[in-house]
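Notebook open. I wanted to look up a few things here and jot them down as I went.

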Amino acid sequence: MAEAEKLASRPWSELSWADRLRCTRVLGPVAVAVHCLFVKGLIFDGTAGLFYTAQRITADMILSLHLLRRDLERLAK
């Protein structure tokens, strides 16, 4: 996944705060949920807002899994 490659290859100092959260593997999906529901106010958009938030959380969880896979492959070498 290109996004996982980008996050893994850049130095920490060059990453935005959002990318740094995503690099933590665990905090990324939680931060996405909080951002979508409360910062963007999607909690008030009913089913559509919840569905969009669920899609964003799922995408971030997939990214976290790719990053974890890269970590495990690097440890196995």
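Below are my entries, from the overall fold down to single side chains.

**Ground rules.** I'm working on a predicted model, where local features need pLDDT of at least 70, side-chain atom pairs count only at pLDDT 80 or more, and totals for chains, interfaces and linings use all residues. Residues are numbered from 1 along each chain as its sequence is written, and side-chain values use heavy atoms, with hydrogens and water left out.

**Fold.** I looked up the secondary structure and got four helices and zero strands. The order along the sequence reads α-α-α-α. For the record, helices (H or I, at least four residues) and strands (E, at least two) are DSSP runs, numbered from the N terminus. The C-alpha trace spans about 45 × 25 × 20 Å along its principal axes.

I asked for the burial of the chain: 26% of its 77 residues count as buried. My cut-offs are under 20% relative accessible area for buried, over 50% for exposed, and partly exposed in between (1.4 Å probe, protein chains only). Next came contacts (heavy atoms within 4.5 Å). Taking those between residues at least 6 apart in sequence, 51% join residues at least 24 apart.

**Surface.** The accessible surface is about 5,400 Å², with 67% of it belonging to carbon and sulfur atoms. Those areas come from the Shrake-Rupley method with a 1.4 Å probe, and for residues only the protein chains shown count as cover. I checked I43 in particular: it sits in the loop between α3 (27-39) and α4 (46-76). I43 counts as partly exposed because its relative accessibility is 36%.

**Charges.** I compared the mean positions of the 11 positive and 8 negative charges, and they are 2 Å apart. Lys and Arg count as positive, Asp and Glu as negative, while His and the chain ends are not counted. Each charge is placed at NZ of Lys, CZ of Arg, CG of Asp or CD of Glu.

**Salt bridges.** I searched the whole structure and found nine, a salt bridge being a side-chain nitrogen of Lys or Arg within 4 Å of a carboxyl oxygen of Asp or Glu. E3 pairs with R22, closest N and O atoms 3.1 Å apart. That one links distant parts of the chain, with E3 in helix α1 (residues 2-9) and R22 in helix α2 (residues 17-23), 19 residues apart. E3 is partly exposed, at 24%.

Inside helix α4 I noted R69 and E73, four residues apart, about one turn of the helix. Their closest N and O atoms are 3.1 Å apart. R69 is partly exposed at 36%, and E73 is partly exposed at 41%.

R74 and D71 also lie in helix α4, three residues apart, and their salt bridge is 3.1 Å, N to O. Elsewhere, salt bridges that share partners join E3, K6, D19, R22 and D60 into one network.

K77 and A2 are 75 residues apart in sequence and 22 Å apart in space, C-alpha to C-alpha.
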